[in-house]
Amino acid sequence: MNGSRASGPGLAVAAAMIGGAAAIVAATGLSALARPDDRAARLAEVERKLDRIEALQRGAAEGGPIYPRGAICREGVGLGSSTVERKLRAALGPAKLMSMAFEPSTPAGESLLAVNFRFETVGSYEDAMAMLRELEAARPTLFADSVDLVSKTSAVSLSFSGHFYCSTSARL
């Protein structure tokens, strides 16, 4: 046997150990990269939302549809559209409103009507992001169908299409 060259089962065992150690290090590194820093906060938020959904489903099973406070406009389409428009204009900040339109849609169930709306604004990126945060918190709940944010060199253009629901029933 040549003294400068190792061979045999010892080399195979050493190679397997080095390969296994490298695989463990790689898996640990990839696992650390795959977990976001705010993972615990995200999981807590998901759990809170699941608890809320389950509570709403239990309530719906007991006596018809129950919507969270502020989820739908209860005052009808006309006043609901006015409320949403007022909130959109307030959320604009320094951004310039280019267009805004509301259009009642077909009924969504026996006691709801979807109201489609769209608007376009031009302003700074920060103003557009602030407006989107305002829309997320708005009541009645606004659902986004499409959101386009386009850079215009020193400003951005924001086109938003979405809908919200209004009650068509006096009991909601």
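In helix α3, the buried residues are Gly80, Ser81, Thr83, Val84, Leu88 and Ala91. They lie on the same side of α3, because the arc they cover around the axis is only 160°. An α-helix has 3.6 residues a turn, so residues three or four places apart point the same way. Leu79, Arg86 and Ala90 are exposed on the other side of α3. The model is predicted, and the length of this helix can be checked: the 15 residues of α3 (residues 77-91) should span 21 Å at 1.5 Å a residue, and the end C-alpha atoms are 21 Å apart, which agrees. Just after α3, Gly93 has a positive phi of about 65°.

The average pLDDT is 79, and 81% of the residues score at least 70. Helix α2 (residues 39-63) has the lowest mean, 74, while strand β3 (residues 143-151) has the highest, 91. Where pLDDT is low, the predicted coordinates should not be read in detail.

Phe102 is in strand β1 (residues 96-107) and Phe164 in strand β4 (residues 156-167), so the pair links parts of the chain 62 residues apart. Phe164 counts as buried because its relative accessibility is 0%, whereas Phe102, at 25%, counts as partly exposed.

Phe119 and Phe160 are stacked, because their ring centres are 5.3 Å apart and their planes are at 15°. Phe119 lies in strand β2 (residues 112-123) and Phe160 in strand β4, so this pair ties together parts 41 residues apart in sequence. Phe119 is buried at 1% relative accessibility, and Phe160 is buried at 5%. Phe102, Phe117, Phe119, Phe160 and Phe164 form one aromatic cluster.

Definitions and conventions
Residues numbered from 1 in each chain as written. Predicted model: local features only at pLDDT ≥ 70, side-chain atom pairs only at ≥ 80, totals over all residues. Heavy atoms only, no water. pLDDT = per-residue confidence, 0-100. Helix = DSSP H or I, 4+ residues; strand = E, 2+ residues; numbered from the N terminus. Expected span 1.5 Å × (residues − 1). Buried < 20%, exposed > 50% of the residue type's maximum accessible area, 1.4 Å probe, protein only. Arc of directions from axis to C-beta. Phe/Tyr/Trp six-rings, centres within 6.5 Å; stacked < 30°, edge-to-face > 60°.
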